[in-house]
Amino acid sequence: MFEFLNRAKPDASQVELKASATGRVLAMSGAGRVAWSPRDVVSLTRSGFTVNPIGFRAVKMIAEAAAALPVVVQDAERRYDTHPVQALLSRPNAGQGRAELLEALFGQVLLTGNGYLEAVADDDLPVEMHVLRSDRMSVVPGADGWPVAYEYNVNGRKHRFAVADGLNPICHIKSFHPQDDHYGFSALQAAAAAIDVHNAASRWSKALLDNAARPSGAIVYRGADGQASLSEDQYDRLLTEMETQHQGARNAGRPMLLEGGLDWKPMGFSPSDMEFQKTKEAAAREIAIAFGVPPMLLGIPGDATYANYQEANRAFYRLTVLPLAARVVSAIADWLSDFTGERIELRPDLDQIPALSAERDAQWRRVGEAAFLTDAEKRSLLGLPALEVGDG
């Protein structure tokens, strides 16, 4: 799996080297050393995805929708019906198809802000592609600030992917991060506070159910003989009886028999308890907003941002799924073009997205009725290449 393409190094006289003026400053802190990510990816993923239903559903919705988008291959002149890149995407490796690989890649970008694709190359186009876990990957910057290698660490064993001769065995896709030169910023980081609130609210609700599904009352002891407190044996017996006979869902509503000067004082819901559920819903809404999923699509009550479900679904595709998918497949196209030497484009096929069919029909109609535009200009406005296969 850990293989990459080795190419003969071009003559130095034929290569024009350019670099940012700030590269030396960026790399001054330690060229050739690993630039560790400043966030705890494992903890964020556990609290925001594996144990949080809102984060889990938001990531699954975006990743599955983006991976299901049809992708077309084209260059400056035509759109291809068959192409080696299409074949590679259709079967990127022996264990995954296109949807599985892209879903894993989109999921990594959403959860960690970074996605890594490994190229298993032969002599031209890679024969396989694999998604690598972001929490195991580290960037090694060079003297000019650009990555010279990537280190993949599994159980204390490291493998280094060297970037040689301008060919990168790793396609690193990262979200914008205003304070990091090498790693991206994830939606989980922005929603971390809301995730903590939502998880704490769920634990509170679980504890409430474990304690008879209502706020606990107080047992007051008034001994007839003036005794101020229970003996140790009396206290242990009372505690055991409460835990076995009056806690848990199966014991909800069971009457309590008190004796020996014991009196039950129930406690009702306070105004703050009544507002607790609203706090949890507000936290869920913030998590959905951080990921770019309309709360209506996640079943969060009280959200009236969109007039109906169809409008919310259209906004979900237009504002969240398409920008992410377009950015990722464009980065993959540029990366693969470095191997083949042929500049290709990968882009989602907007004409085959049911959620956008109304918008697309209106755009086709407007462009088609524009008599002042040439056919080439109309094709360009619709995102089509200048010529199709079979055109004169």
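Select helix α2 (residues 41-50) and show its side chains; the buried residues, those under 20% relative accessible area with a 1.4 Å probe and protein chains only, pack against α3, α5 (98-112), α6 (187-190) and α7 (192-210). Contact here means heavy atoms within 4.5 Å. The buried set in α2 consists of V41, L44, T45, S47, G48 and F49. Helices are DSSP runs of H or I with at least four residues, strands are runs of E with at least two, and both are numbered from the N terminus.

The model is predicted: local features need pLDDT of at least 70, side-chain atom pairs count only at pLDDT 80 or more, and totals for chains, interfaces and linings use all residues. Residues are numbered from 1 along each chain as its sequence is written, and side-chain values use heavy atoms, with hydrogens and water left out.

Next, select α3 (residues 53-68) together with α11 (residues 309-340). Their axes come within 9 Å and cross at roughly 65°; axes are lines fitted to C-alpha atoms, for helices over the stretch in contact, and angles run from 0 to 180 degrees between N-to-C directions. The crossing of α3 past α11 is right-handed, meaning that the near helix is turned clockwise from the far one by less than a right angle. To display the contact, pick M61, I62, A65 and A66 on α3, then F316, Y317, T320, V321, L324 and A325 on α11. By class, this contact has 9 nonpolar, 1 polar and no charged residues.

Move on to α7 with helix α10 (residues 276-291). Here the axes come within 8 Å and cross at roughly 145°, and α7 passes α10 in a left-handed crossing. From α7, select A194, I195, V197, H198, A201, S202, W204 and S205, which meet F276, T279, K280, A283, A284, E286 and I287 of α10. The class counts for α7 with α10 are 9 nonpolar, 4 polar and 2 charged residues.

Finally, colour the protein by pLDDT, the predictor's confidence in each residue from 0 to 100. The mean is 79, and 74% of residues reach 70 or more. Confidence is lowest in helix α1 (residues 23-27), at a mean of 52, and highest in α3, at 95. Over residues 1-15 the pLDDT is below 50.

How values were computed: Nonpolar A, V, L, I, M, F, W, Y, C, P; charged D, E, K, R; others polar. Buried < 20%, exposed > 50% of the residue type's maximum accessible area, 1.4 Å probe, protein only.
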